[in-house]
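Look at the model below.

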Amino acid sequence: MASFFLELKSLCKSYKFLLLIMILLLLQLVFIQQAISENKRDERIRLDERKEIIRLNRLLLDSFERDWERGLLNITPEQYEAALKYYQYRVKLAEELYDFYIRQDWLAYNRQTAITALLVWEHSLQNYSPQPQEYFGEDWSQITSKLQIPLFDLHPRVVPHFSYRNDQAPPFMLDFISSLDLAETSLPPTGAHDTSPWAYLFNFLRSGFPRILGAIVLLMTVNILHRDKNFGTVKTTLSAPPSRGRYLFRKLTLGFAAGISVTVLPQVPAFLILGIKHGFRGLGYPVLVDRYVLSNFTVFPANTHFTGFLDANLSKIPNSIDIARLEFFDFIPLWQFLGLAAVQILFFILFCTALAMLISVLVKNEVIAHLVAAGIFAVGSALGKIVSALSTTAWDLFSKADVVPLLEGSLASSYPSSLLTLALASILLVTAGAVIFRRQDIISN
């Protein structure tokens with residue numbers, strides 16, 4: 001074991017290791033700078049949206065009162081009074097929402113956001129099914145008492161309506177479902193450009209990290225056998241009793257550890273710096289997971305035909321999604337999501353290490369081995385574009401690094417099938433490498 005760590009230490013002292021670390025650090029620096037810039041824009045948009053919501057609700061209230069005075073509303077005085085209270089409450093709600101945002105009272109802000117979305121769902125989608133009571137069933141009374149939502153008996157003519165097909169989930173419905181869990185926390189609103197440490201890690205896993213993870217691991221480990229050949233230690237090692245299979249397994253383990261090190265170490269300084277700046281809270285952020293994708297080997301074919309996404313804090317929910325799909329959506333704490341993501345990333349690193357090991361066995365020239373590894377990564381990453389039927393499926397192996405959308409149910413493969421195919425591919429690559437390595441004449445070379 002001591003010799004293993006000494007060898008790993010030697011590997012991590014190489015110029016290539018330091019170069020790859022620097023590449024990842026620079027990538028994160030660019031990602032963070034872009035996120036800071038975009039986050040400022042998001043802040044301005046949120047404030048403008050809050051102001052616009054106040055203006056629109058005041059406009060609706062004034063318009064409603066004018067229409068009543070002109071006799072344009074065919075409703076009774078009792079119905080008018082009920083609707084007037086509703087419009088006044090919406091104005092009050094919008095003003096409080098803006099005030100809570102300015103004062104950073106996030107517990108109250110999250111609660112008001114959930115109530116706002118619910119009122120639209122309940123009263124502006126009156127011809128839409130399911131209504132909140134139907135959708136939540138036995139939990140509905142608990143939700144209304146928790147949020148302290150006032151009851152409004154409104155005439156259908158006094159509230160503007162939105163039309164959606166009953167097989168689609170409208171944004172207001174998705175907004176409420178996504179904000180319901182956040183309403184119980186004091187966490188600030190977040191999104192795709194949040195630079196608090198845990199949110200940044202999630203966003204980096206979605207946008208920056210998957211693009212180069214395969215290349216980083218392949219380039220780090222593809223010459224792991226060439227090092228022993230160059231130093232002449234391979235002949236000494238293989239002349240001793242340990243078998244070639246055991247030697248190769250040791251090198252695979254060493255490459256796996258080096259691959260983990262080169263991908264994890266650059267995250268540490270970025271995480272600590274952002275944590276010192278923003279604080280380390282945020283592990284409890286509710287993020288979306290598709291329970292069907294998490295527990296089954298197949299996915300719904302429609303998952304590959306989304307036209308767009310609705311941002312739900314850190315998560316992305318497909319627009320115009322079939323209402324039947326919502327039963328599979330669940331919001332879990334961020335730490336649980338990161339745990340699931342970490343398992344798949346480890347399997348992906350193992351697959352890349354096994355692939356690099358096979359290249360190292362087959363290609364004797366170290367420089368050519370690096371070029372072959374880069375070429376395989378380029379072709380593998382473009383496989384979904386070359387053969388569209390395989391795009392993000394279980395057999396599109398290099399897409400398995402894109403674990404966040406996979407867990408959200410946006411890819412054409414599931415979590416168990418991805419782990420299984422990565423494991424099978426790793427076993428086949430290691431087996432092929434071992435068979436070829438046993439037949440090679442290394443000691444006499």
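Helix α2 gives the most to the lining of the largest pocket, with nine residues. Helices here are DSSP runs (H or I, at least four residues), and strands are E runs of at least two, numbered from the N terminus. By class, the lining has 19 nonpolar, 11 polar and seven charged residues.

The model is predicted: local features need pLDDT of at least 70, side-chain atom pairs count only at pLDDT 80 or more, and totals for chains, interfaces and linings use all residues. Residues are numbered from 1 along each chain as its sequence is written, and side-chain values use heavy atoms, without hydrogens and water.

Now the rings. Rings of Phe, Tyr and Trp (its six-membered ring) pair if their centres lie within 6.5 Å; planes under 30 degrees apart are stacked, over 60 edge-to-face, the rest tilted. The count comes to 27 aromatic pairs.

Tyr89 lies in helix α3 and Phe152 in the loop between α6 and α7, so their pair ties together parts that are 63 residues apart in sequence. Buried means under 20% relative accessible area, exposed over 50%, and partly exposed in between (1.4 Å probe, protein chains only). Tyr89 is buried at 17%. Phe152 is also buried, at 17%. Phe271 is buried at 18%, whereas Phe280 is partly exposed at 41%. Ring pairs also link a cluster that includes Phe64, Trp68, Tyr89 and Phe152.

Methods
Ala, Val, Leu, Ile, Met, Phe, Trp, Tyr, Cys and Pro count as nonpolar, Asp, Glu, Lys and Arg as charged, and the others, Gly among them, as polar.
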